[in-house]
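Please open the model in your viewer and keep the selection tool at hand.

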Amino acid sequence: MTTLPSTFGIGTSRGGTELKQFFRAREQVVFTFTFPAIILVLLGSIFDEQFQNGVTAGQVFAASMIAAGVVATSFNNLGISVALNREDGTLKRLRGTPMPPAAYFIGKIILVAVASLAEVVLMLAVGMLLFGVELPSTAGDWFTFAWVFVLSVVTCSLLGIAISSLAGTAQSAAAVTNVPYIALQFMSGVYIPIDGVPEWMRDIGSLFPIKWAAQGFRSVFLPDSMTVREAAGSWELGKTALVLGGWCVLGLVLCLLTFRWTNKRAG
């Protein structure tokens with residue numbers, strides 16, 4: 001008897017297809033990868049303030065903007081691409097094949113993981129070359145980087161899939177994802193140092209994962225003396241893990257409740 005391929009094997013194959021489609025769309029690739037990097041260069045060049053222990057504003061922005069890069073490659077990317085797959089009939093056709101539904105999402109996970117890693121490498125390269133950012137020097141910092149990265153990618157990916165169902169058309173998906181993406185950058189201390197954000201904005205931003213992702217990455221790439229500029233006066237890594245983990249669960253629930261294989265017009 002012929003052995004049928006496993007769901008993971010099919011998902012891996014689907015992941016290769018997703019990566020080819022993504023990197024062939026040159027405009028999408030350029031915008032997804034360069035937008036956070038360009039914003040980092042602009043902000044780091046405009047603000048030349050120095051903080052404790054000679055830490056510069058550019059280094060603070062570089063650490064925070066890593067979170068923005070992860071959001072761009074996960075939340076924005078999936079919010080737009082899943083809406084497009086739904087509208088052009090890709091999801092409906094895949095649903096009608098023997099391919100397990102889980103394989104489609106495994107493919108998306110592979111795409112997001114590769115794109116997010118590439119985005120982080122790009123952001124770190126810009127930060128190191130232009131603003132003197134240094135890589136973590138201890139195993140503990142690398143461990144923190146790893147779990148903050150994984151939880152951020154998973155959370156933002158699930159929320160991206162969920163929000164794709166709010167877009168009436170593929171054309172509107174960009175607006176649906178970019179409005180919260182850009183607004184939360186300001187409220188979460190990414191585009192503006194967190195101690196310069198009005199308290200009511202900080203309170204709103206603290207409800208969403210990007211604030212905690214940015215804070216987690218700052219804890220990795222900035223010295224502990226910079227905690228005085230955090231809203232709570234500490235990195236709050238335990239709370240960061242709890243909030244990001246909670247959003248993973250909530251994102252999964254939202255996906256299960258809202259995901260559709262066809263758009264409303266197709267029925």
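In this predicted model, begin by selecting helix α3, residues 57–87, together with helix α5, residues 101–131, whose axes come within 9 Å and cross at roughly 155°. Because angles over 145 degrees count as roughly antiparallel, α3 and α5 are described as roughly antiparallel to each other. The crossing in which α3 passes α5 is right-handed, and the residues of this contact divide into 14 nonpolar, 10 polar and 2 charged.

Next, select helix α6, residues 139–163, and helix α10, residues 237–258, which pack at an angle of about 25° with their axes 8 Å apart, and α6 is therefore roughly parallel to α10. Here α6 passes α10 in a left-handed crossing. To display the contact, show side chains including W147, L151 and L158 of α6 and, from α10, L244, W247 and L254 among others; by class, this contact has 16 nonpolar, 7 polar and no charged residues.

Finally, the second largest cavity holds about 50 Å³ of space, and its lining includes A83, R86, E87, R260 and N263. Helix α3 gives the most to this lining, with 3 residues, while the lining of the second largest cavity comprises 3 nonpolar, 4 polar and 3 charged residues.

Terms used
Residues are numbered from 1 along each chain as its sequence is written. This is a predicted model: local features need pLDDT of at least 70, side-chain atom pairs count only at pLDDT 80 or more; totals for chains, interfaces and linings use all residues. Side-chain values use heavy atoms; hydrogens and water are left out. Axes are lines fitted to C-alpha atoms, for helices over the stretch in contact, and angles run from 0 to 180 degrees between N-to-C directions. Helices (H or I, at least four residues) and strands (E, at least two) are DSSP runs, numbered from the N terminus. Angles under 35 degrees count as roughly parallel, over 145 as roughly antiparallel, 65 to 115 as roughly perpendicular and the rest as oblique. A crossing is left-handed if the near helix is turned anticlockwise from the far one by less than a right angle, and right-handed if clockwise. Ala, Val, Leu, Ile, Met, Phe, Trp, Tyr, Cys and Pro count as nonpolar, Asp, Glu, Lys and Arg as charged, and the others, Gly among them, as polar. Contact means heavy atoms within 4.5 Å. On a 1 Å grid over the protein atoms alone, a cavity is a set of points where a 1.4 Å probe fits but cannot get out, and a pocket is an open set with protein on both sides within 12 Å along at least five of seven lines; lining residues have an atom within 4 Å of a point. Grid points are joined across faces, edges and corners, and a volume is the space filled by probe spheres set on the points.
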